[in-house]
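Here is a short briefing on one protein model. Look at the sequence and the 3D view first, then read the points below.

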Amino acid sequence: MSTLPVFRWHLAPDGYATRRQLRARDLRPGGQDVAAQLERPRRRGRPPLVAYLYRVDLAKPVRPMTPGRWRAHAAMMRARRTCPECRRDAGYVIPPTLGTCVTCAYPEEQCAA
């Protein structure tokens, strides 16, 4: 078993990128294993923050969105905006902390206005 090369934060050589950096270039890891890792030290004995790196030359282009994926995404977003209490589209993503739209969560404040 070989160990991964470890680089300090901001000191990774060219040719390596995190998932987010790959995505910014319209790439994805494409099934490759993690090639290296970055470690950012932290204070007070806490473990370091770790970011995994992938080789850019082995990355593949991001798959395009198909009409079916667009429909599924639209349905998912519609479900996140629909209030389970009043069944109306709130026009925004309903916060999980409330569980309902603001109108249903705070009905007494809506009547006073």
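The model is predicted.

- Four strands make an open sheet, and their order is 1-4-5-2. The pairing is mixed.
- Strand 1 (6–8) and strand 2 are the edge strands, and each pairs on one side only.
- Strand 2 pairs with strand 5 (residues 49–55) over two bridges, in the antiparallel sense.
- Tyr 16 has Arg 55, in strand 5, as its bridge partner.
- In general, strands of a sheet pair through backbone hydrogen bonds, either parallel or antiparallel.

**The nonpolar core**
- The largest nonpolar core holds six residues: Ala 17, Leu 22, Leu 27, Tyr 54, Val 56 and Ala 59.
- Leaving out residues up to four places away in sequence, Ala 59 touches Leu 22, Leu 27, Arg 28, Pro 29 and Gln 32.
- In soluble globular proteins, nonpolar side chains tend to be buried together.

**A buried loop residue**
- Thr 18 sits in the loop between strand 2 (16–17) and helix 1 (19–24).
- Thr 18 counts as buried because its relative accessible area is 17%, and the cut-off for buried is under 20%.
- Thr 18 touches Ala 51, Tyr 52 and Leu 53, again leaving out residues up to four places away in sequence.

**The surface patch**
- Tyr 92, Leu 98, Val 102 and Tyr 106 form a nonpolar patch on the surface. Together they have about 290 Å² of accessible area.
- Leu 98 lies in the loop between helix 2 (67–81) and helix 3 (102–105).
- Leu 98 has 31% relative accessibility, so it counts as partly exposed.

Methods. Residues numbered from 1 in each chain as written. Predicted model: local features only at pLDDT ≥ 70, side-chain atom pairs only at ≥ 80, totals over all residues. Heavy atoms only, no water. Patch = residues over 30% accessible without salt bridge, like charges linked within 9 Å, V, L, I, M, F, W, Y side chains within 5 Å. Areas by Shrake-Rupley, 256 points an atom, 1.4 Å probe, with all protein chains shown as cover. Salt bridge = Lys/Arg side-chain N within 4 Å of Asp/Glu carboxyl O. Buried < 20%, exposed > 50% of the residue type's maximum accessible area, 1.4 Å probe, protein only. Core = buried A, V, L, I, M, F, W, Y, C linked by side-chain atoms within 4.5 Å. Contact = heavy atoms within 4.5 Å. Pairing = 2+ DSSP bridges.
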